[in-house]
Amino acid sequence: MASSDRPTAAISHVYRGTFIHSTQETAVQILENALLGVDTDGKIAFVEKGEDLDRLSSMFGFSPSEVTQLTQHEFFMPGMVDTHIHASQYSYAGTALDMPLLKWLNTYTFPVEYHFKDLEFANKVYTQVVKRTLRNGTTTACYFATIHTDASLLLGQIANDFGQRALVGKVCMDRNNAVKHYKETIQESQEETCRFIAELLNKKYPLVKPVVTPRFAPSCTGALLGQLGAIAKNNHLHIQSHISENVEEVKLVKELFPDSESYADVYHKYNLLTDKTVMAHGCYLSDKELDLFRETGASLSHCPNSNISLCSGMLDVRNVLNHKVKLGLGTDVAGGYSASMLDAVRRALDSSKVLTIQNPDYDTLNFEEVFRLATLGGSQALSLDDQIGNFEVGKDFDALRVNVAAPGAPIDVFQCEEPKILLERFLNLGDDRNIVEVFVAGRKVAPFTEPTE
Ligand SMILES: [Zn+2]
């Protein structure tokens, strides 16, 4: 390599061992006895064969004695991307799963979210949800907060302090007949969204960005949706919302927006389907609506725990993939009761198997594909795949150091097993005790060093 090709940033860490990740072509690519170097900017500087240690150490200027060697049952995988999680609803996660969506929102969700005007309460819940998700391997989260701007800004600050990569959305809703005190006027919603975006961007957090967040079409007037579409466009921002989660909701949208051809068309009409849009659920989208997603570059977040827990529906993931729509996984706390992306992986596999029970010819998802959805797929769904999602040189090092045989963890390993088997066991049986270290942009963020400020 010519000297002009030498990297500019110095190497801060080099790891040697097994690396497992996904590429566009291969759902599970295994690199054994590989060397991965992380530079001082937190980016992956090289991924090479172990035999090349001497050449790499002289090329990149590090000492072979500084290399961190993984043990036999350890591997690195990319950090997981939760493409849809309500940080505020974490306060009642694991409860309130006994009614369908619209009734559930009115009975549990809106009254709880209203309490986030209290910053002390918000601080408690948001600190816990960031810590819990990071500890469980969510290196990137796409969060819904509530309608409260200051509490939403606080969520951004907490994610930044703990080093989690996050998109944070202040929820917008100017329509709520059931819980009348939990809504905004259209003017408040528009002005507070602008304030939220300006103040969050002004903090210059390197990994935390705002996302324009209409709750979902039934909570917003067309006029507000139009304004939010314009705000996102003018500021080149991400957009998140919900679509086609539940039959009753789909019917309601038809009634509220009689001029629109379909649910997807409602958002499309207001410029809310872009290549930076992620919509949760999509269980009842028609093939034509999926085509619209592909054409606009909008993505879906598959939230199987929530879809089952609220008896909402079953997303035909294979059909979505066949339509070449970008797709990631989401926990959808607290409609989904678990904040762990490992749970989302398992429920996605279970759901696909239920579809196979109903139709034995169904092309069931395999664990390799679901692994890709939880990592690279999520990064694509959030249009962050130029920065994260796998171990490509130049991307940020967002990674989990997994020890399948970690002491006290729930997996019993009896013999030396090949990496793919270790991955399968971890995805099906592992938990946070197996995730011995979590890295975001090269920085170790778990186990925790409490923020110092
Ligand atoms: Zn949701």
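How many residues of strand E5 (residues 74–78) are buried? The count is 5 of 5, so the strand is mostly covered, where buried means 20 or more other C-beta atoms within 10 Å of a residue's own, the C-beta atoms being placed from the backbone.

## What you are looking at

This is a predicted model, in which local features need pLDDT of at least 70, side-chain atom pairs count only at pLDDT 80 or more, and totals for chains, interfaces and linings use all residues. Numbering starts from 1 along each chain as its sequence is written.

The protein has 14 helices and 17 strands, taken as DSSP runs (helices H or I, at least four residues; strands E, at least two) and numbered from the N terminus. Of its 453 residues, 52% count as buried. The C-alpha atoms fill a box of roughly 65 × 55 × 40 Å along the principal axes. The radius of gyration over C-alpha atoms is 22 Å, which agrees with the value near 22 Å for a compact globule of 453 residues, the rule being 2.2 Å times the number of residues to the power 0.38.

E5 runs antiparallel to strand E15 (residues 399–403), with 5 bridges joining them; pairing takes at least two DSSP bridges. Within E15, Leu-400 is the bridge partner of Met-77.

## Two domains and their contact

The domain assignment, which is automatic or from a database, gives domain 1 as 3–78 + 390–446 and domain 2 as 80–381. Their centres, taken over C-alpha atoms, sit 30 Å apart. Across the boundary, 23 residues of domain 1 are in contact with 21 residues of domain 2, contact meaning C-beta atoms, placed from the backbone, within 7 Å.

On the domain 1 side, the elements giving two or more residues are E5, helix H14 (419–429), strand E16 (435–440) and strand E17 (443–446). H14 gives the largest share, 4 residues. By class, that side has 13 nonpolar, 5 polar and 5 charged residues.

## What the record says

UniProt, in an unreviewed entry, places "domain: Amidohydrolase-related" at residues 76–445; such annotations may be inferred rather than shown by experiment. Over that stretch the chain is 43% helix and 17% strand, and its end C-alpha atoms are 15 Å apart.

Definitions and conventions:
Buried ≥ 20, exposed ≤ 12 C-beta atoms within 10 Å, placed from the backbone. Contact = placed C-beta atoms within 7 Å. Nonpolar A, V, L, I, M, F, W, Y, C, P; charged D, E, K, R; others polar.
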